[in-house]
Amino acid sequence: MNRSSLIQSQQWLISILAIIVLFFDTTCISDAQAKIVPRLSVKRPPFLGEPAKFSEPVSEDFQTFSYNQTLDHFNYRPESYKTFQQRYVMNFKYWGGANASAPIFVYLGAEADLDDDLPVGFLTDNAPQFKALLVYIEHRYYGKSIPFGLTEKEALENANIRGYFSSAQAIADYAEVIIYIKKKFFAENSPVIVVGASYGGTLASWFRLKYPHVTLGALASSAPILYFDDITPQNGFYSVVTKDFREASESCYKTIRESWSEIDRVAAEPSGLSVLSKKFRTCYQLNNSDELKDYLWNMYADAAQYNHPPLYPVTVVCGGIDGAPKGSDILSRIYAGLVAYEGNFSCYETHITDDSETIRGWGWQKCSEMVIPIGCGENDTMFPPAPFNLTTFSRDCRSLYGVPPRPHWVTTYYGGHDIELILRRFASNIIFSNGLRDPYSSGGVLKNISQTVLAINTVNV
């Protein structure tokens with residue numbers, strides 16, 4: 001390829017990624033320790049300001065396939081050669097075909113059932129312009145891609161089986177499926193662009209770095225690839241949460257900041273927990289003040305993590321707090337914010353009861369390699385001090401799974417330290433997109449590294 005052709009190819013690639021990112025970034029911003037470390041996800045919990053949503057029908061253009069996937073890509077023990085059925089979905093509607101070397105856009109599934117991602121329109125909206133083939137690959141151990149035909153719960157309870165549940169195995173899966181598809185449809189000359197959001201965006205960037213011969217480029221949306229080890233300050237996530245609330249309303253921010261000590265003060269009084277239970281209409285009597293504080297903490301974090309148009313849930317919460325009747329005390333204002341966000345119900349379930357596939361799977365992932373050290377220091381956010389304690393975290397993980405986490409493995413295997421220098425040396429064709437209201441943007445790549453490793457930031461998302 002001559003220099004002119006190379007420049008044209010790079011411009012073509014960046015054009016594809018830039019056009020996709022403009023849509024993508026506005027739609028998918030994308031226990032005590034669990035409270036501190038929110039999971040990565042593009043899916044936002046529903047709240048009052050949003051009409052009820054039902055599962056969107058998936059177009060008949062999406063065809064489901066299974067690939068006979070290798071259980072263990074990195075060892076040569078007899079059990080390594082076992083296989084399982086990995087689901088992937090294809091949409092041929094817009095593809096210009098292999099003869100035209102039309103591109104293939106590949107969505108890398110993350111910590112959820114693939115069905116959750118199919119109705120999202122960012123790829124189908126852009127595929128016609130580029131005559132692209134669309135491929136969606138499900139992450140191992142989620143949805144219908146769990147080894148040995150087990151449920152995820154059964155797989156995670158078996159120490160010998162859950163050991164194959166890792167990001168490295170997952171992106172090796174993606175490589176196998178993509179190579180198989182290109183060969184099956186005689187599309188060896190069709191360039192591949194991988195796309196992902198949040199954890200999936202992290203995987204997309206790592207995939208481009210590890211498998212440059214498989215993908216020409218990557219769009220990594222809301223990918224906190226720098227939130228490992230000590231690269232990003234622990235309080236980065238909650239500093240952005242605080243900033244979101246403070247920008248929405250200074251009085252709202254101050255009310256939340258002052259509320260934690262007020263909750264503890266009331267709880268310490270005789271019958272204080274009963275008073276709090278009645279004031280916040282909890283479905284069950286509070287056992288301690290932490291139950292209420294954890295519930296509110298998670299509500300504020302969720303509101304900020306998914307604080308994008310048209311509803312802007314942070315504004316909804318603050319609208320409730322600031323709109324409380326004149327003369328309301330701090331806790332009455334906090335309760336008003338809760339009602340504004342959750343809706344007006346007879347009672348509120350303050351116990352964390354989510355036992356979804358995603359919660360279970362992410363529990364293992366963060367206790368094995370995805371150790372994201374999020375915490376709060378003294379007076380550096382609107383939350384009480386809650387530093388990330390690796391010793392406590394490791395003890396809890398060992399108690400759950402019998403093995404300690406490997407907190408430095410991500411940066412050892414994928415990199416992260418001195419990211420600007422390293423990516424400038426050998427990376428290319430990656431766009432990191434972030435909405436700066438997303439708390440996980442604090443661990444993202446927010447500035448251009450080179451002419452082909454770019455950062456696109458949106459201020460109000």
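Lys-366 is buried, with a relative accessible area of 14%, where buried means under 20% relative accessible area, exposed means over 50% and partly exposed lies in between (1.4 Å probe, protein chains only). Lys-366 has its place in helix 14, residues 357–368, and its C-alpha atom is separated by 7.8 Å from that of Pro-405, which is 39 residues apart from it along the chain. Helices (H or I, at least four residues) and strands (E, at least two) are DSSP runs, numbered from the N terminus.

This is a predicted model, in which local features need pLDDT of at least 70 and side-chain atom pairs count only at pLDDT 80 or more, while totals for chains, interfaces and linings use all residues. Residues are numbered from 1 along each chain as its sequence is written, and side-chain values use heavy atoms, with hydrogens and water left out.

- An open sheet is formed by 8 strands in the order 1-2-4-3-5-6-7-8, with mixed pairing; two strands pair if DSSP finds at least two bridges between them.
- Strand 1 (62–70) and strand 8 (453–458) stand at the edges and have a single partner strand each, so one side of each is left without a neighbour in the sheet.
- Neighbouring strands of this sheet are turned by 20 degrees against each other on average, direction ignored, with axes taken as lines fitted to C-alpha atoms (for helices over the stretch in contact) and angles running from 0 to 180 degrees between N-to-C directions.
- Strand 7 (residues 430–435) pairs with strand 8 in the parallel sense over 6 bridges, and Ser-433 stands opposite Ile-456 in strand 8.

- Strand 3 pairs in the parallel sense with strand 4 (residues 133–137) over 5 bridges, and the bridge partner of Phe-105 in strand 4 is Leu-134.
- Strand 3 also pairs in the parallel sense with strand 5 (residues 192–197) over 4 bridges, and there the bridge partner of Tyr-107 is Val-195.

- Asp-113 lies in the loop between strand 3 (104–108) and helix 3 (122–130).
- The side chain of Asp-113 makes a polar contact with the side chain of Arg-87 at 2.8 Å; a polar contact is a pair of N or O atoms within 3.5 Å, of which, within protein, one must be able to donate a hydrogen and the other to accept it, and residues adjacent in sequence count only if both atoms are side-chain atoms.
- Leaving aside neighbours within four places in sequence, the residues in contact with Asp-113 include Tyr-142, Lys-144 and Glu-357, where contact means heavy atoms within 4.5 Å.

- Most residues other than glycine have a negative phi, and most peptide bonds are trans.
- The peptide bond from Pro-309 to Pro-310, however, is cis, with omega near 5 degrees, and Pro-310 has its place in the loop between helix 11 and helix 12 (313–322).
- Tyr-312, in the loop between helix 11 and helix 12, has a positive phi of about 45 degrees although it is not a glycine, and at 23% relative accessibility Tyr-312 counts as partly exposed.
- Arg-281, found in the loop between helix 10 (272–279) and helix 11, has a positive phi of about 50 degrees although it is not a glycine.
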